[in-house]
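Welcome! Let us take a walk through this protein together, one region at a time.

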Amino acid sequence: TVSSAMATLGEPREPWLLNSPLPEAPRRQPAGDGLEPASVPLAVSGFTSPALAKAKEIMDGYPVDPMRAGGTGDPDAGPGEFSPGGSIAVQLVRGDMSAAATGTVSLIEDQRVLAFGHPLFQAGEIYAPVAAAEVHTVIPSAQNAFVVASPLRELGALVQDRQSTIMASTGLMTHMIPIDIEIEAHAGGQSERGAFQVEVLDNRFMTAALAGLSTMNAISRYLPDRDHATATIRSEIRLRGFDPIRFTDYVYASEGAESAIGGARGLRALVPLLMNPFEPVDIEGISLDIDVHYEANMGRIQSLRLPVSELPPGERSYVDVVLSRYDGRRVVERVPFDVPANLAGHIVQLQVTSGDAASVDTAPPRSLGDLVNNLQKQLPGNVFAVTLNTADQGAAVGGRLVRDLPASAFDRLHGSTQAGHSDSFRPAAVSMAPATRVIEGQENTLIKVADR
């Protein structure tokens, strides 16, 4: 669901790439005598060995076999039309890296082209660019013969992916989603910057996985070092009709920058956007700016210390946060926060965590606009987030938050069938303060806010 997918954005350091919703894999029917139907070779170029291994994991279960190709191909070369018995490539990724499923044209009738003689993903109606292909060599095998090929000139679009065949139209073109990846690495007082431009398939089930795979590959190709890394990831999603959705994530990875990509909410947010139940989304582009320092600059929250037994309402206070560093040493950071005047007399739960793991007051979305607005409210990851939660309840009605309700009004609203769908929530006040290191974990404590 949209709500559960959004909830995962609060867990930026959990792996997510293989959990993206892919179309159900078709069952492979044995052909007899221990043989299986031939797989479609997915010509992969510009991918590192770790990225290729991850591509095999993602495609596991489908009749698709990722394998290295001879190059990303030349989009300005090749024939101007398909021919029976010739090669056809379905492009999933193109640009500075490429992933294209290559097969054989079976029949051409007007602008319709039948090919493969078996499914690709067996996804039914699906749209992807199709191109001519250059076959570099054929690997003969009684068990698993395949060709090594590269895509060439785009000649149309895939429109059907059925059990018996795929069908493309040469009278239709379909767009892909551009992704710009900028990477800057800092080590030993030196800085180096690289850039990658790719386009990925625009498909609600596959875009998130392909975008994550492409970004992971860019990092593993440019920064293969297996060392402690601290990464600041600034990402942006541009949707037609909406202001850009921007995220800042600050993550630590002990196994190199490649494993930090799980913290990029600009990629994770693609799942709730593409799978939303309200209306289709038109993603115009995605940008990621990744800044990597090879250092173990992190701290895990161990405990909290408050200077007073009661917080002063309407004033600024502070909490001392005890952090455990990578080397085991403990440091204390003083984090300021504001105490709203309307919390006077309340007992509140004070929670300290990183901004990207903090809960934000948002109502369950009732439209695509609500969903986008909720994503835009996500806090940056390079800050401390101090949250004051009350025991009082509020209500979310029609995608809007209703705060400071008396108990009688809340009971009436929650039980009314005429008020529309409503959900309860706990009103919270959130303060942010800059963090000098990656913050992991969270701690809570109860404290009273003084009477007025």
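Helices here are DSSP runs of H or I with at least four residues, and they are numbered from the N terminus. By that rule, Thr215 belongs to helix α3, which spans residues 207-222. Please keep in mind as you look around that this is a predicted model.

Let us stay with Thr215 for a moment. Is Thr215 buried or exposed? Its relative accessible area is 0%, and because buried means under 20%, Thr215 counts as buried. A polar atom of its side chain lies 2.9 Å from the backbone oxygen of Ala211. Once residues up to four places away in sequence are set aside, Thr215 touches Ile181, Ile261, Leu267, Leu288 and Ile290.

One of these, Ile290, leads us to some strands. Ile290 in strand β13 is the bridge partner of Ile233. Strand β11 (residues 229-239) and β13 run antiparallel and are joined by 10 bridges. Strand β13 (residues 283-293) is also joined to strand β9 (residues 177-187), this time in parallel, by 8 bridges. Here Asp180 has Ser287 of β13 as its bridge partner. In general, the strands of a sheet pair through backbone hydrogen bonds, either parallel or antiparallel.

Strand β1 (residues 40-45) pairs in the parallel sense with strand β2 (residues 64-68) over 5 bridges, and Leu42 stands opposite Pro66 in β2. How does the chain get from β1 to β2? It passes through helix α2 (residues 49-59), making a β-α-β crossover that is right-handed.

Further along, strand β3 covers residues 87-95 and holds Arg94. With a relative accessible area of 18%, Arg94 is buried. Its side chain makes a polar contact with the side chain of Gln91, at 3.3 Å. Apart from neighbours within four places in sequence, Arg94 is in contact with Pro129, Glu154, Met176, Val198 and Glu199.

One is formed by 4 strands in the order β17-β16-β14-β24, with mixed pairing. At its edges stand β17 (330-338) and β24 (438-440); each has a single partner strand, so one side of each is left without a neighbour in the sheet. On average, neighbouring strands of this sheet are turned by 45 degrees against each other, direction ignored. Within the sheet, strand β16 (residues 316-325) pairs with β17 in the antiparallel sense over 9 bridges, and Ser317 stands opposite Phe337 in β17.

The other open sheet has 5 strands in the order β15-β25-β18-β19-β23, again with mixed pairing. Which strands stand at the edges? They are β15 (310-311) and β23 (428-434), and since each has a single partner strand, one side of each lacks a neighbour in the sheet. β15 pairs with strand β25 (residues 443-449) in the parallel sense over 2 bridges, with Lys448 in β25 as the bridge partner of Glu310.

We finish at helix α6 (residues 368-376), where Leu368, Leu371, Val372, Asn374 and Leu375 are buried. Where do they sit around the axis of α6? They cover an arc of only 160 degrees, which puts them on the same side of α6.

How values were computed
Residues are numbered from 1 along each chain as its sequence is written. This is a predicted model: local features need pLDDT of at least 70, side-chain atom pairs count only at pLDDT 80 or more; totals for chains, interfaces and linings use all residues. Side-chain values use heavy atoms; hydrogens and water are left out. Buried means under 20% relative accessible area, exposed over 50%, partly exposed in between (1.4 Å probe, protein chains only). A polar contact is a pair of N or O atoms within 3.5 Å; within protein, one must be able to donate a hydrogen and the other to accept it, and residues adjacent in sequence count only if both atoms are side-chain atoms. Contact means heavy atoms within 4.5 Å. Two strands pair if DSSP finds at least two bridges between them. Axes are lines fitted to C-alpha atoms, for helices over the stretch in contact, and angles run from 0 to 180 degrees between N-to-C directions. The arc is that of the directions from the helix axis to the C-beta atoms. A crossover is right-handed if, with the strands pointing away from the viewer, the path from the first strand over the helix to the second runs clockwise.
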